[in-house]
Amino acid sequence: MTVSAVPDEQSGEVGGIQNTVTNLGASIGTALAGAVLISALTASFLAGVQHNPAVPAEVASQAQVQLSGGVPFMSDQDLKTQLEKANVDAKTADAIVQENANARIAGLRSSLSLLAFIALLALFTGRRIPDHQPSAAPSEPSPAGPS
């Protein structure tokens, strides 16, 4: 639509710019959504572990120190295995696994909410895109006389 909204002489340049901006937008959008996802995951997990009465205070503070750089995505089974290796009791391990599951959902919701907001913003700003191709010159009506 954007290429057809410019004169034919400029369609090559506009097509190139359109592809560049599309790729740049996809890259920035992915990076932004990922950053929001990891930030929300980390904040939600650490807050959940600290406020969960089944998790001892020393475990919560140790988690705060070790995971302050970001919580990795881990399956419940991998997390259980790591907690068993660290000799964490079963009740505490179950609470931590549940907080991890809740944090993943919170992170995904935050990230998808951001993407939905960007999509809504794009709908409103996309209305300004021209919907017809401008003429290079106004067309002259042909003479009405015999040829």
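Guide: Helices are DSSP runs of H or I with at least four residues, strands are DSSP runs of E with at least two, and both are numbered from the N terminus. The chain holds four helices and zero strands, and along the sequence its pattern reads α-α-α-α. This is a predicted model, in which local features need pLDDT of at least 70 and side-chain atom pairs count only at pLDDT 80 or more, while totals for chains, interfaces and linings use all residues. Residues are numbered from 1 along each chain as its sequence is written, and side-chain values use heavy atoms, with hydrogens and water left out.

Visitor: Why is asparagine 52 called buried?
Guide: A residue is buried under 20% relative accessible area, exposed over 50%, and partly exposed in between, with a 1.4 Å probe and protein chains only. Asparagine 52 has 14% relative accessibility, so it counts as buried. Its place is the loop between H1 and helix H2 (57-66). Its C-alpha atom is 8.4 Å from that of glutamate 99, although 47 residues separate the two along the chain.

Visitor: What makes glycine 48 buried or exposed?
Guide: The relative accessible area of glycine 48 is 14%, and therefore glycine 48 is buried. This glycine lies in helix H1. The C-alpha atoms of glycine 48 and alanine 95 are separated by 9.3 Å, and the two residues are 47 residues apart along the chain.

Visitor: How is alanine 101 classed, and on what relative accessibility?
Guide: Alanine 101 has a value of 17%, so it counts as buried. Alanine 101 belongs to helix H4. From C-alpha to C-alpha, alanine 101 and phenylalanine 73 are 9.9 Å apart in space, and they are 28 residues apart in sequence. For the chain as a whole, buried residues make up 21% of the 147 residues.

Visitor: What makes the contact of aspartate 76 and arginine 104 a salt bridge?
Guide: A salt bridge requires a side-chain nitrogen of Lys or Arg within 4 Å of a carboxyl oxygen of Asp or Glu. In this pair the N to O distance is 3.1 Å, and the count by this rule comes to one salt bridge. Aspartate 76 lies in helix H3 (residues 76-85) and arginine 104 in helix H4, so the pair ties together parts that are 28 residues apart in sequence. Aspartate 76 has 27% relative accessibility and so counts as partly exposed. Arginine 104, with a relative accessible area of 21%, is partly exposed.

Visitor: What makes a lining residue nonpolar, polar or charged?
Guide: Ala, Val, Leu, Ile, Met, Phe, Trp, Tyr, Cys and Pro count as nonpolar, Asp, Glu, Lys and Arg as charged, and the others, Gly among them, as polar. By class, the lining of the second largest pocket has seven nonpolar, four polar and no charged residues.

Visitor: Why is leucine 115 called partly exposed?
Guide: Leucine 115 has 35% relative accessibility, so it counts as partly exposed. Leucine 115 is found in helix H4.
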